[in-house]
Amino acid sequence: MIKLTINGKTIEVAEGTTVLDAAKMLNIEIPTLCHHPKLTPFGGCRLCIVEVKGVPRPLTSCTTPVSEGMEVTTSTPALEGLRKTVLELILSDHPNDCMVCEKAGDCTLQELAYFYGIRENRFGGERRIYGKKDGNPFIERDMEKCILCGRCVKVCDEVQGVGAIDFAYRGFKSKICPTFEKDLDCEFCGQCVAVCPTGALTGKMWQLRGRQKDIKEIDTTCSYCGTGCNLTLHVRQNEVVRVTSKEDTWNEGWLCVKGRFGYSFINSPDRLKKPLIKRNGKFEEASWNEALDYISAKLREIKEKHGPDSIAGLSSARCTNEENYLFQKFMRTGIGTNNVDHCARL
Amino acid sequence: MKANNTVIKVCMGTGGIAAGGSEVIDAFRTELNTAGIAATVEKNCLMHKVGCRGLCAKDVLVDVIINKEKTTYQYIKPEMVSRIVKEHIIENNPVIDWAVGDDYHNFHKKQLKVVLSDCGSIDPEDIDAYINGKGYEAARKVLTTLKPEEAIEEIKASGLRGRGGAGFPTGVKWEVARKQNSKQKYIICNADEGDPGAFMDRSVIEGNPHAVIEGMIIGAYAIGSDKGYVYIRAEYPLAVERLRKALSDAKTKGFLGKDILGTKFSFDIKVKLGAGAFVCGEETALIASIEGQRGMPRAKPPFPVYSGLWGQPTVINNVETFANVPYIIRNGAKWFSSFGTEKSKGTKVFALTGKIKNSGLIEVPMGIPLREIIYDIGGGIEGGKLLKAVQTGGPSGGCIPADMLDTPVDFESLAKAGSIVGSGGMVVLDEDNCMVNMAQYFLQFTQMESCGKCVPCRIGTKRLLEILDRITKGKGKEGDIELLEKLSADIKAASLCGLGQTAPNPILSTIKYFRNEYEAHLKGKCPAAVCKELLTYYILEEFCKGCGACLRACPSKAITGEKKKLHKIDPAVCIKCGACFDVCKFKAVKKE
């Protein structure tokens, strides 16, 4: 264990802990933008700088491991001055169109600008303008709002193992883009959207569907597959307008394209809500009991007429292991056939 | 036979080749052939290509040595070779008209060559030439008679400090690496020289690659590494070619590879080409680049010596640092530390460029006054102009103004004066240089080369550049100088790596010493008459002869006037290209 003091408070933490995490344990708040607890440290936004006794220049607390006897100060007029300069610099190259931004009210940059009271900007100047919009179907990439925190690059590489995007160019022209600046063509898991601290990455289907403050969050489990990721449905006026997942869930807040973006079926007029039975060439609504009776009668009939092996069962990858087990059990003992299979073919 | 014991050495450093060194060598071959001494060329008349010998301004430099008597020729062109062969080699009458003069000798007089001692005299592509001059003896001594700790002790005692810019004690770095308990350690030679106007490392590798390899072998043995990398810019094709040849020769001779010199020590070196990103000279970005990542720096701590390449302890030293090592081992720590100052030992190689007569590659003892470099070695300012300042340390450095020329050139003194030794760029500026423009030039460079990772460097240097742009265009606002100072200080404090932390230095040091020039720009004047937007060109009535030269030279037809009558420039049409100023023989065109 390593003993150190932060703002005069002593704490003992495990070796390898960062100063930022140690400060968190003491409930000391340090502003961050590029840091994400599930990703490797980046140290690019420079907001989490702290002073360490004996070190001539400020260090980023997100990258600096604790050391024995370290004396850390997280807030001084000099540090706050530097943080303000950094924020002003970021905002000097930002559209600052919070009034129409999807992320307003849920944006880390906006939050920090508020706390640091940034109205005037000493450093007005050229702003990055990108004419071309990404034509992919899921993710709105408004790169003028990108602060190059690198979270999206890291999550794509470290968590998803895809590496669809990376930094390109140098200097002020640096940007994050897919290979050769083509339209994004990945698996569209949207993990990048989940970790983006600003409005640079949002879901295309989220556009103009409601502000965070008007949204009711409902926790549920994803029904797409047996993994059972925890979802948070963002509901406005009884309509799901967005799906996210919380970091403290067992799936750590990570989702796939289906869980995150595949929710439009919920309010689809084509969605089946009741069983249908075809009578006289037309589908008619039926009750569950009616439908199940109908199915069992038909199965029995086929089995008696043609034998059990004339029936086959195909189950779904959306079912859990337990459900799939029950299904094959039903086929083998209920119907009496080994003709059972599953749609997942990997 | 006239050609007995004749040696011809032709400078084939990059400077020499650019001036026509290859053609000069070919001319010698042809001339010797036609002179009928072809048969003896191979045996008796040795023709060497040698690396950079310093005074690039006088290339192609050729040594003709007959019976150990050397004559050095300057500005040699292929068509001059026949006379040298006829009069000097055949008739033994040196062509005195073409021989170097006093300035060549003065150029060398105050220099002290350690790293460059073999550069320019041995053939860099011939490993035997290096071995014959005691090459690889130091490696043999270390590997066969010294323990790693003893080798480290020797380097520590010599006081050698990193020549890449930061000046960290080399021996201490090695010692920390030695103590790391790790199966795999790496040693890297940083040859990603990128400062504008710097060519020290390039010249050392082109002129004597084996010294660098030998230094790396000793370093690897000292820290306990079996794998080394030379990270070198792909834009240095000649250096890369000679380095690759040297590595392969060293391997053939058994200085690299398994069980070197019959010991249990094995070590090999890989060449890794950089793609030309300046930031890759920063050690953590360099490591990322070797790992196949984008060259972006990582936060320190942890330092590479604890966790570097692929997370393993890694020593990164500069080319010149490694090249010093064999000479230190050969001659002893005491010998090395007898040069230099108390805290800065040994010598330093500089690339002396700018408005100086003898531009070229020099090596001087640490602590030599800047004045001696400029006036004794450099021969003073070109064209009799007034010296304004000396810029050292490239884009990370600063300016030493003319009235501080007695500043000793060492790590501490230059830092005190607001500049740095850096990797060794030294650009001489005269009265025609605008200091705001100079700062703007360096900021353009650093802004373009910023990796984009951290905010202060990526956006901060852009904003600095914008402020400088408007100042040089006469659109500066009151408070801009103070804003530059404030933002510079914040960028220095908050940036992630050395690039951002030092990028504002050219601004801060020029404001410190030349604030009046900034103030003049705010008032709409560029004192050095450099910044285009602030210039007006006009013709002086009393000098204009009406020759029409300016009229013909003007690309925008801004000049009118009849023959033999006063000409005039229309400021509304003038694009301030300076063509009229350059062509006027009567100094009738003025700009201010």
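A polar contact here is a pair of N or O atoms within 3.5 Å, where, within protein, one atom must be able to donate a hydrogen and the other to accept it. By that rule, 18 residue pairs are in polar contact across the interface of chain B and chain A, with both residues of each pair at pLDDT 80 or more. The model is a predicted one, and its contacts are to be read accordingly.

On the side of chain B that touches chain A, three helices each supply at least two residues: H17 (435-449), H18 (455-472) and H19 (480-494). Of the helices, H18(B) gives the most to this side, with eight residues. By residue class, the side of chain B that touches chain A divides into 16 nonpolar, seven polar and eleven charged residues.

The salt bridges between chain B and chain A number two. One that can be located joins the side chains of A:Arg170 and B:Glu449, with an N to O distance of 2.6 Å.

The extent of the interface can be given in residues and in area. In residues, 34 of chain B are in contact with 34 of chain A. In area, about 2800 Å² is buried between chain B and chain A, and carbon and sulfur atoms give 59% of this. On the side of chain B, the residues B:Arg294, B:Arg458 and B:Arg463 supply 21% of the area buried against chain A, more than any other three residues.

Chain A can also be considered by itself. The chain is divided into domain 1 (2-75), domain 2 (216-265), domain 3 (272-306) and domain 4 (308-346). Domain 3 and domain 4 of chain A have C-alpha centres that lie 19 Å apart. Four residues of domain 3 of chain A are in contact with six residues of domain 4 of chain A.

Between them, domain 3 and domain 4 of chain A bury about 440 Å², with 69% of that area on carbon and sulfur atoms. In domain 3 of chain A, the residues that lose the most area to domain 4 are A:Leu299, A:Lys303 and A:His306, which together make up 86% of what that side buries. The side of domain 3 of chain A that touches domain 4 consists of two nonpolar residues, one polar and one charged.

What is the count of salt bridges between domain 3 of chain A and domain 4 of chain A? The count is zero. Polar contacts do cross the interface of these two domains of chain A: the rule finds two residue pairs, both at pLDDT 80 or more.

Notes: Residues numbered from 1 in each chain as written. Chains lettered and ligands numbered in written order. Predicted model: local features only at pLDDT ≥ 70, side-chain atom pairs only at ≥ 80, totals over all residues. Heavy atoms only, no water. Domains from an automatic or database assignment. Contact = heavy atoms within 4.5 Å. Buried area = accessible area lost by both parts, 1.4 Å probe. Salt bridge = Lys/Arg side-chain N within 4 Å of Asp/Glu carboxyl O. Polar contact = N/O pair within 3.5 Å; in protein donor to acceptor, adjacent residues only side chain to side chain. Nonpolar A, V, L, I, M, F, W, Y, C, P; charged D, E, K, R; others polar. Helix = DSSP H or I, 4+ residues; strand = E, 2+ residues; numbered from the N terminus.
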